[in-house]
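I list below what I looked up, in the order in which I looked.

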Amino acid sequence: MKQYKDLISTVLEQGSWQDNRTGIRTLSVPGAMMRFDMNDGFPAVTTKKLAFKSVVGELCAFLRASRSAADFRALGCKVWDQNANENQQWLANPHRTGTDDLGPVYGVQWRQWPGYKVLEAAAAAQIADAERNGFRQVAPLVEDGVQKVLMYKAIDQLRECLDTIVNNPSSRRILFHGWNPAVLDQVALPACHLLYQFIPNATTREISLCLYVRSNDIGLGTPFNIAEGAALLHLVARLTGYKPRWFSYFIGDAHIYENHMEMVQEQLKREPLPLPQLIINSRVPSFAETGKYEPEWLEKIEPSDFTLAGYQHHAPLTAPMAV
Ligand SMILES: Nc1nc(=O)c2c([nH]1)NC[C@@H]1CN(c3ccc(C(=O)N[C@@H](CCC(=O)O)C(=O)O)cc3)CN21
Ligand SMILES: O=c1ccn([C@H]2C[C@H](O)[C@@H](COP(=O)(O)O)O2)c(=O)[nH]1
């Protein structure tokens with residue numbers, strides 16, 4: 001994970017101090033990128049200990065469209081507790097349904113993006129086409145004196161990505177989005193990792209992932225988000241019959257919080273260690289071996305189905321999370 005050390009160095013050398021909503025200043029760089037070749041091993045940081053169980057717990061919670069920090073905890077991930085229960089602005093938000101609620105965060109958008117259409121009531125062919133695509137009529141309405149119908153569908157963006165990887169791998173439109181402008185006022189934290197694009201190559205049978213993260217906490221969030229994206233790439237590859245290859249990771253606001261300086265500087269003194277391998281339990285079917293497409297494993301997979309083999313790391317380091 002030389003890439004992670006290089007990112008830290010870039011921000012320390014080129015960053016400028018910035019204020020933000022948390023009250024803890026950051027040293028920030030606008031725009032950064034890292035690329036990982038899965039053939040080199042699984043991109044777990046080695047210059048400190050990665051909380052891998054927590055990473056795969058979070059991933060499973062996202063895959064199940066969870067919106068409660070209690071569900072994340074039940075899967076072994078505690079990192080959402082403070083966002084759910086300690087942020088004053090969120091505690092005062094009328095959309096918060098109670099203790100541990102996060103609102104319709106990541107997984108809800110990945111698996112159940114609320115999709116609406118307003119069509120003219122007279123446009124029978126358009127309404128029928130929408131119904132064939134899974135939309136249903138929810139209410140009549142009048143707009144500018146014209147009779148219309150409101151239609152709704154919860155869009156499973158991730159499932160549609162897998163379907164397209166299997167049925168139309170040359171598509172350059174295989175992506176899912178976490179940034180839903182219609183719900184930004186209803187969530188504990190607007191999505192940070194928000195655009196996932198899969199790029200399968202039907203000739204080499206390799207699949208790659210490009211991920212865009214709008215705002216990234218390099219001390220705590222980045223190692224977590226890299227491992228999570230890479231684990232998702234491995235899972236999608238298994239379920240669609242591909243071999244995971246490139247993982248390109250793009251950051252908008254790349255920042256180090258001022259109370260994380262010691263944690264990152266200590267890592268610059270440490271030599272990166274050889275990367276581990278990610279093992280996904282053989283009970284999770286490989287499409288390449290069975291020839292049977294079983295995307296329901298997106299929901300069925302458990303955190304214990306993911307293990308890191310040969311993970312060597314330096315001593316753990318931690319620091320407070322800005323809420
Ligand atoms: N300020 C901030 N930074 C983040 O990275 C972040 C948020 N907020 N809010 C939501 C999620 C939660 N994520 C987090 C939060 C905390 C850790 C963290 O503290 N990690 C510890 C150990 C965690 C554990 O043992 O479960 C670490 O030392 O890596 C990691 C990712 C990423 N996100
Ligand atoms: O997956 C995540 C979630 C959050 N973060 C970090 C990035 C920022 O430091 C904060 C979010 O604050 P905003 O003011 O909404 O940008 O959390 C992360 O790195 N990874």
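Predicted model: local features only at pLDDT ≥ 70, side-chain atom pairs only at ≥ 80, totals over all residues.

Residues are numbered from 1 along each chain as its sequence is written, while chains are lettered from A and ligands numbered from 1 in the order in which they are written.

**Entry 1: ligand shells**

I took a residue as near a molecule if its C-beta atom, placed from the backbone, lies within 6 Å of it. Around ligand 2 I found N20, R21, L189, P190, C192, H193, S215, N216, D217, G221 and N225. The elements that give two or more residues to this shell are β8 (206–217) and α9 (221–240). Helices (H or I, at least four residues) and strands (E, at least two) are DSSP runs, numbered from the N terminus. β8 gives the most, with 3 residues. By class, the shell around ligand 2 holds 3 nonpolar, 6 polar and 2 charged residues.

**Entry 2: the chain as a whole**

I counted 12 helices and 11 strands. The radius of gyration, 21 Å, is close to the 20 Å that the globule rule gives for 323 residues, so the chain is as compact as a globular protein of that length. The radius is taken over C-alpha atoms, and the rule is 2.2 Å times the number of residues to the power 0.38. The C-alpha trace spans about 70 × 50 × 35 Å along its principal axes.

**Entry 3: the sheet β3-β5-β4**

Two strands pair if DSSP finds at least two bridges between them. I read an open sheet of 3 strands in the order β3-β5-β4, with antiparallel pairing. β3 (113–120) and β4 (136–143) are at the edges with a single partner strand each, so one side of each is left without a neighbour in the sheet. Neighbouring strands are turned by 30° against each other on average, direction ignored. Axes are lines fitted to C-alpha atoms, for helices over the stretch in contact, and angles run from 0 to 180 degrees between N-to-C directions. Helix α7 (residues 124–132) packs on this sheet and touches β3, β4 and β5, its direction making about 165° with that of β3. Contact is set at C-beta atoms, placed from the backbone, within 7 Å. β4 and β5 (residues 146–155) share 7 antiparallel bridges, and P140 has V149 in β5 as its bridge partner.

**Entry 4: β2 and its partners**

I found 3 bridges joining β1 (residues 16–18) to β2 (residues 26–37), antiparallel. Q18 pairs with T26 there. β2 also pairs with β9 (residues 243–257) in the antiparallel sense, over 11 bridges, and V29 stands opposite A254.

**Entry 5: L59**

I located L59 in helix α2 (residues 52–63). L59 has 23 other C-beta atoms within 10 Å and is buried; the cut-off for buried is 20 or more. Leaving out residues up to four places away in sequence, L59 touches E228, A231 and L232.

How values were computed: Nonpolar A, V, L, I, M, F, W, Y, C, P; charged D, E, K, R; others polar. Contact = placed C-beta atoms within 7 Å. Buried ≥ 20, exposed ≤ 12 C-beta atoms within 10 Å, placed from the backbone.
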